[in-house]
Amino acid sequence: MYPIILITGATATGKSDLAIQLARHYQAPVISADSRQCYRFLDIGTAKVSDSILKEIPHYFISCLNPDESTSAQDFSQRASSWISSIKSEQKPVIIVGGSTLYLEALIRPIDPVPPKNPDNIAELEQRAQEYGLEHIREMLEKADPAYARQIDGLNPHRMYRALDVWMQTGKPFSSFHTKTALTIPEHMLAFVLHQDRTVLHERI
């Protein structure tokens, strides 16, 4: 049985290049686990593979949504489950590549069902950020969900808004919706985390 090959790492470590090499070797498609590459027209800064590569190697979850469509880690997990089943039925390895950690985690440790985004809550949080700054949003999150706040590097507005949106809707911290089982790599999955010296990464970026 072919494994699920998961490739991740920081931006510009060469994740896509490795995935392409494997895809060519096995004549297999690639699943992108990136929360931005899935949007059409959002090409600058997302490091999508070239059009010529997309014609050569089928990719899932690249340029498949319009900018006004929302998605989530839970949605990605559901989509990926279908793609994985389809690829396995063709007796090919599943190659998943990306750096969106919550999306990757959703494949390993499922997220319990959460309510969809509430546009009014998001708009209120964006207004607060404009008036008081993202540090204020960070402070709100640290009070509402300190466990999830510790998982976020810096001031990531998208993740902070979403976590606070769930808290505003349910009164429960976003972190409480994550399955409490230990985060372990399944036996049928091979996970590779690529690493490069920071100086090299800065030059590549």
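**Pockets and a cavity: close-up views**

**View 1. The largest pocket of the predicted model.** The largest pocket has a volume of about 1400 Å³. Its lining counts 46 residues. Nearest the pocket centre lie Thr11, Asp34, Ser35, Gly99 and Ser100.

**View 2. Helices around the largest pocket.** By class, the lining of the largest pocket holds 20 polar, 15 nonpolar and eleven charged residues.

**View 3. The second largest pocket.** The volume here is about 190 Å³. Ser35, Arg36, Tyr39 and Leu42 are among the lining residues. Pro67, Asp68, Glu69, Ser70 and Thr71 also belong to the lining, as do Tyr103, Lys117 and His158. The classes split into four nonpolar, four polar and four charged residues.

**View 4. The largest cavity.** The count comes to one cavity of 30 Å³ or more. About 60 Å³ of space lies in the largest cavity. Which residues line the largest cavity? They are Ser16, Ala19, Ile20, Val30, Ser32, Gln37, Val49, His59, Ile62 and Val97.

**View 5. Elements and classes at the largest cavity.** H1 and strand S2 (30-32) are the elements that give two or more residues to the lining of the largest cavity. H1 supplies the largest share, three residues. Six lining residues of the largest cavity are nonpolar and four are polar.

Notes:
Residues numbered from 1 in each chain as written. Predicted model: local features only at pLDDT ≥ 70, side-chain atom pairs only at ≥ 80, totals over all residues. Heavy atoms only, no water. 1 Å grid on protein atoms, 1.4 Å probe; cavity = no way out; pocket = protein on both sides within 12 Å on 5 of 7 lines; lining within 4 Å. Points joined across faces, edges and corners; volume = space filled by probe spheres on them. Helix = DSSP H or I, 4+ residues; strand = E, 2+ residues; numbered from the N terminus. Nonpolar A, V, L, I, M, F, W, Y, C, P; charged D, E, K, R; others polar.
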